[in-house]
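This report works through a predicted model. It takes charged pairs, then domains, helices and nonpolar cores.

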Amino acid sequence: MVTNWVLSDAPAVADLTRLTAYDLRCEHRVEPLGIGTRRPRLSWRLASPARGDRQDAFRVQVLRDGVQVWDSGWRSEWETYVDHGGAPLTSQTDYVWQLSVRDAAGEVTSAEATFATGLFHDDEWEAHWIEHDYETDPYFEPPVDRQEPRTVRQATIAPPRHYRRSFELTRPISRARVYVTAHGLYQFSANGQRIGNDELTPGWTDYRERVAYQTYDVTGLLHEGENVIGAVLGEGWWSGYVGWDTRSHAHHYGKKPQLLAQLVVDHPDGSRTVVATDGRWVERVGPIRFADLLMGESYDARLELGDWSSPGYDASDWAPAGDLGGDVSTLIAATTDPVRVTEEVPAVAVTALESGRFIVDLGQNVAGRVRLRVRGAQAGQQIRLRHGEMLQADGSLYTANLRTADATDYFVSAGADEEFFEPIFTVHGFRYVEVDGYPGELTADDVVGQVLHSDTPVAGRFECSDAGVNQLLSNIRWGQRGNFVSVPTDCPQRDERLGWTADAQIFLPTAAYQADVLTFFENWFADLAVAQTGEGAIPDVIPHVITGRHGTPAWADAATIVPWTLYRIYGDERVLRTAWPVMRRWVDYVHRANPDLIWRHRTSGHYGDWLQVGVVTDRDLLATAYFARSVEFTAAAARVLGLADEAAAYSELWEKVRAAFVAEFVDAEGKLRGDTQTGYLLPLAFGLLDEQAEQTAVKQLVADLERRGRSLTTGFAGVALLCPMLTKYGHADLAYDLLHDDRYPSWGYSIKHGATTIWERWDGWTEENGFGPVAMNSFNHYSLGSVGEWLYADVAGISQSPESVGFRDLVINPHPGGRLTWAKASYDTPTGRVSTHWQLSDGAFTLDVTIPPGATATIHIPTSAPDSVEESGHPLTTAEGLTPLEPTPTTAICRAHPGTYRFTTPA
Ligand code: RAM
């Protein structure tokens with residue numbers, strides 16, 4: 001089951017006859033099962049064929065068993081969401097919600113969707129945690145065929161075990177739901193069938209405080225008579241290898257995996273049968289001999305268990321599971337979509353090496369695993385799959401940059417004519433697979449890459465006339481896919497894969513243009529909140545598994561930047577309500593340690609402008625700029641939350657930090673300390689300079705770029721700001737030069753050398769030195785891909801005004817330039833889809849724009865003759881739905897109502 005990670009369907013505006021509501025969601029998810037809140041948010045998107053159309057009013061009715069439990073009544077509002085306002089929802093209940101919207105002409109259309117609640121009360125859980133009883137069976141057989149992982153702790157990983165429970169149902173079934181989770185990773189089955197298509201469940205959270213359970217509907221799978229439910233249980237983040245720290249490399253949360261599941265069957269007579277994990281379950285090892293996220297998986301097909309989760313199966317040699325009791329205090333209902341296989345990538349080439357090994361090339365660096373077809377192998381024959389991102393000059397696999405991550409899978413054949421192997425509890429970051437021990441000739445048809453990542457709904461597309469730029473966008477998109485694996489990680493291949501906080505905050509604006517990442521980041525932020533230290537500092541990686549590093553400038557500032565950015569993009573103020581205490585405690589922490597407002601103390605590891613090239617941006621400058629940023633967002637959050645005193649206090653603090661910044665870092669000539677690109681970009685982007693200092697800073701920034709032959713020096717912190725600031729201050733030509741540059745260091749340089757993802761470092765591979773430092777050299781790292789925001793916002797021209805939230809007030813401001821003759825993008829805002837498409841041809845400039853109902857827009861049309869701009873053949877002054885504003889010599893500007901417009905003008 002592949003979900004195909006493509007843009008979701010929105011109604012084609014041209015096909016519509018009236019205002020249409022679509023994409024109904026509950027708690028920002030489509031028809032979720034098992035939600036954990038009693039007053040969920042219900043939301044929808046709108047599309048309309050009519051200019052100036054709007055939602056004049058809406059009405060939401062919530063029904064349970066066909067009976068209305070809430071009626072919002074008609075509300076004359078343009079909001080496209082409402083929080084359930086009836087009596088709080090009840091536990092384990094299915095609901096239908098009906099939406100009616102009335103358009104400007106008074107016409108009404110309706111739509112409906114469903115959702116179901118999870119378990120609201122601890123005492124509803126009958127399930128106990130169960131595990132293999134290591135008391136009576138002290139250890140497992142070590143994986144015989146497996147190479148020792150390069151680290152010393154190999155013996156800590158136990159083979160995944162199968163758990164099952166057979167039971168009788170004596171009455172018909174009207175509804176059956178299973179609520180399930182693990183300390184570890186599970187794959188659940190009922191009556192011989194795997195349930196759902198989720199992978200690596202329950203996902204990675206800070207298990208000490210939060211363990212998410214998933215809810216699945218199994219109504220159609222059960223029957224009267226004998227039924228079986230069961231699961232395979234692996235180690236995953238709970239007890240497997242995570243990160244690089246050899247002192248605490250595995251066993252971050254526990255030593256052995258545990259399962260918890262509760263099946264609830266409703267019968268038509270109103271009675272209920274509950275089958276939950278307890279000491280009546282039985283378990284044993286199966287064909288998976290070893291499984292670890294970093295190290296890989298070993299599968300011995302000779303040990304397959306047959307129809308182990310089907311009725312009638314003889315499980316007499318299975319052992320009773322150990323019953324650990326029912327502590328459910330950490331359980332939470334899952335709030336975000338899990339990891340899934342979102343795409344299958346066919347192999348593009350297979351090369352035989354002299355060693356007899358084969359190298360398979362997927363043509364794309366991905367995170368995931370392969371599905372291998374094996375034909376004609378002897379029983380007991382072992383095939384080894386090693387994964388890597390790059391090849392050495394001699395065509396062999398390059399794995400040095402994986403550090404201690406083995407990324408190696410083994411398959412042992414049972415000797416059948418045709419066999420398939422696909423590991424389930426591991427994930428690799430790779431483009432190439434080295435296959436060793438394959439019987440006969442391996443062909444491209446025998447291998448397919450399975451792409452794994454959190455199934456965040458696709459929200460945006462960007463395309464333009466330049467192949468290099470499209471490749472860059474593709475690399476950015478694949479960087480996101482490779483690293484949004486349950487949490488936002490830095491990289492998917494080496495022994496790291498951690499939720500580095502700066503990477504996350506820097507990439508978030510780009511990520512949000514490409515996918516709906518609200519619930520994904522909210523979930524991660526909940527782990528950030530629990531990891532905040534008593535003093536208020538934030539660890540460098542979330543979930544918090546690396547000790548001793550917290551409070552780093554630009555990293556810990558994710559505490560304020562992530563919630564504020566989410567609020568701005570999605571318009572859901574609940575994000576700020578939850579985050580507020582974290583934000584405030586974080587800025588207070590920095591303030592306390594730095595009473596003179598220059599952030600010099602308590603900077604933890606201080607990575608500065610990480611992986612900058614050839615320069616060193618002043619660390620105090622970077623830290624203090626980020627301090628100002630955090631204070632600014634904290635003040636803004638207080639304003640939104642109606643906390644007037646706090647808003648005033650933090651605004652005043654912001655003024656003071658700003659003044660201190662200027663006094664400390666700006667010299668008499670207007671140069672910033674250190675005179676680096678990032679040194680100028682930070683205060684420009686964060687609004688720390690007065691107008692004159694701003695102009696000087698822009699000049700210095702441009703001068704630095706010119707001095708270097710229009711070449712960048714920025715690292716993680718600066719790179720996101722580079723093209724946006726150059727564009728904002730009238731130097732889009734320079735931004736385009738950087739975009740198209742293919743000299744070192746540039747994005748184009750990596751693309752010229754075959755990159756299909758964004759590299760961690762500009763010098764990941766260079767003509768002079770070959771591979772960069774093996775100690776830290778990922779070829780799939782999204783941070784330097786934060787330029788994606790600029791492609792959507794400034795090249796395609798889709799952004800929102802500074803006061804707007806949820807893209808309610810759009811700014812359409814495309815900047816044609818560089819080698820581009822056209823660009824187009826679409827983006828699903830909370831209210832509906834916005835799109836732009838500009839083209840330059842024969843001296844004319846055309847801009848097509850669609851503004852969704854419920855939004856307003858200021859549209860900027862670049863032109864050499866502002867008075868000549870027409871919209872669908874009319875001058876702007878008479879065009880329907882538009883109000884012209886004062887033009888500049890190079891731009892016509894107008895306010896626009898929702899609708900579809902075509903502007904034309906001489907270029
Ligand atoms: C490395 C990675 C990561 C970065 C940290 C500071 O581990 O490059 O992305 O955030 O360093």
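The structure of this predicted model holds 69 salt bridges. Side chains of opposite charge can pair when their charged atoms come close.

| Pair | Closest N to O distance |
|---|---|
| D278 and R280 | 2.8 Å |
| D490 and R494 | 3.6 Å |

D278 is buried, at 13% relative accessible area. R280 counts as exposed, at 58% relative accessibility. The cut-offs explain the labels: D278 falls in the buried class because its 13% is under 20%, and R280 in the exposed class because its 58% is over 50%.

For D490 and R494, both ends are enclosed. D490 has 2% relative accessibility and counts as buried. R494 is buried as well, with a relative accessible area of 1%.

Salt bridges also join into a network. Its linked residues are E27, R41, D83, D572, E573, R574 and R577.

**Domains**

The protein is divided into five parts: domain 1 (13–116), domain 2 (122–336), domain 3 (340–454), domain 4 (460–795) and domain 5 (809–905). Between the C-alpha centres of domain 2 and domain 5 the distance is 54 Å.

An unreviewed UniProt entry annotates residues 459–795 as "domain: Alpha-L-rhamnosidase six-hairpin glycosidase". In the model, that span is 55% helix and 4% strand. Its end C-alpha atoms lie 17 Å apart.

Helix α10 (residues 691–707) has 17 residues. From first C-alpha to last, α10 reaches 24 Å, close to the 24 Å expected at 1.5 Å a residue. Which residues of α10 are buried? They are A693, E694, T696, A697, V698, Q700, L701, V702, D704 and L705. These buried residues of α10 pack against α9 (677–685), α11 (716–728) and α12 (732–740). Just after α10 comes G709, with a positive phi of about 65°.

Helix α14 (residues 788–795) has 7 of its 8 residues buried, so α14 is largely enclosed by the rest of the structure. The buried residues of α14 are G788, W790, L791, Y792, A793, D794 and V795. Just after α14, G797 has a positive phi of about 90°.

In soluble globular proteins, nonpolar side chains tend to be buried together. The largest nonpolar core here has 220 residues, and F462, W747 and F903 touch the most other members. Helix α7 (residues 619–640) gives the most to this core, with 13 residues.

What does F903 touch, leaving out residues up to four places away in sequence? Its contacts are F845, T846, L847, V849, I859, I861, V869, E870, E871, L876, L882 and C894.

How values were computed: Residues are numbered from 1 along each chain as its sequence is written. This is a predicted model: local features need pLDDT of at least 70, side-chain atom pairs count only at pLDDT 80 or more; totals for chains, interfaces and linings use all residues. Side-chain values use heavy atoms; hydrogens and water are left out. A salt bridge is a side-chain nitrogen of Lys or Arg within 4 Å of a carboxyl oxygen of Asp or Glu. Buried means under 20% relative accessible area, exposed over 50%, partly exposed in between (1.4 Å probe, protein chains only). Domain bounds come from an automatic or database domain assignment. Helices (H or I, at least four residues) and strands (E, at least two) are DSSP runs, numbered from the N terminus. The expected span of a helix is 1.5 Å times one less than its number of residues. Contact means heavy atoms within 4.5 Å. UniProt positions are given in the numbering used here, feature names are shortened, and annotations may be inferred rather than shown by experiment. A nonpolar core is a set of buried Ala, Val, Leu, Ile, Met, Phe, Trp, Tyr and Cys residues joined through side-chain atoms within 4.5 Å.
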